[in-house]
Amino acid sequence: MQAKDIMTRIVVIVPPESNVEYAARMMKEHDIGLLPVGERDNIVGTITDRDITIRVTAEGKDPRHTEIHEVMSPKSFYCFNDHDVEDACLMMEEKHVRRLLVFDRTHTLVGILSLDDVAVRTTKEKLTGYVLSKIARTT
């Protein structure tokens with residue numbers, strides 16, 4: 001099974017100059033916890049619900065006046081849509097992340113693969129549990 005078979009295909013991308021309040025609204029509206037930052041063919045980072053909590057709320061910053069690029073994670077972890085799901089999970093374990101951006105071979109963003117996708121859309125419960133246990137111990 002490949003990443004493209006189970007990834008989430010609807011991807012909401014936010015511009016780096018947008019404010020954090022906009023990112024939070026997009027997360028709420030689409031019931032997601034990670035947004036790629038940039039454009040479909042030029043991703044410059046990601047912002048997560050945890051980034052907002054730690055880097056905005058806990059720091060007392062105003063989300064209406066804080067731009068996404070100020071608090072995003074500039075490093076993004078990814079796989080390609082033709083990667084095997086098991087390999088993608090091992091990459092999540094290695095990078096200590098629960099989600100990977102998914103690109104096609106032309107480097108266009110085509111989806112997001114999460115441990116939730118693996119757990120719900122495959123029969124790889126043991127792999128999902130193993131990866132989650134490894135990530136949970138190190139984060």
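Me: Among contacts in the chain between residues at least 6 apart in sequence, what percentage join residues at least 24 apart?

Reply: Of those contacts, where contact means heavy atoms within 4.5 Å, 58% join residues at least 24 apart. This is a predicted model, in which local features need pLDDT of at least 70 and side-chain atom pairs count only at pLDDT 80 or more, while totals for chains, interfaces and linings use all residues. Residues are numbered from 1 along each chain as its sequence is written, and side-chain values use heavy atoms, with hydrogens and water left out.

Me: Why is the pair of Tyr-78 and Phe-80 called edge-to-face?

Reply: Rings of Phe, Tyr and Trp (its six-membered ring) pair if their centres lie within 6.5 Å, and planes under 30 degrees apart count as stacked, over 60 as edge-to-face and the rest as tilted. The ring centres of Tyr-78 and Phe-80 are 5.7 Å apart and their planes stand at 85 degrees, so this pair is edge-to-face.

Me: What makes the rings of Tyr-78 and Phe-103 a pair, and of which kind?

Reply: Their centres are 5.5 Å apart and their planes stand at 85 degrees, so this pair, too, is edge-to-face. Tyr-78 belongs to strand β3 (residues 78–80) and Phe-103 to strand β4 (residues 99–103), so the pair ties together parts that are 25 residues apart in sequence; strands here are DSSP runs (E, at least two residues), and helices are runs of H or I with at least four, numbered from the N terminus.

Me: What makes Arg-105 count as lying over the face of Phe-80?

Reply: A charge sits over a ring if NZ of Lys or CZ of Arg is within 6 Å of the ring centre and within 35 degrees of the ring normal. Arg-105 lies over the face of Phe-80 at 4.0 Å from the ring centre.

Me: Why is Thr-106 called exposed?

Reply: The relative accessible area of Thr-106 is 60%, so Thr-106 is exposed. Thr-106 is found in the loop between β4 and β5 (109–114).

Technical notes
Buried means under 20% relative accessible area, exposed over 50%, partly exposed in between (1.4 Å probe, protein chains only).
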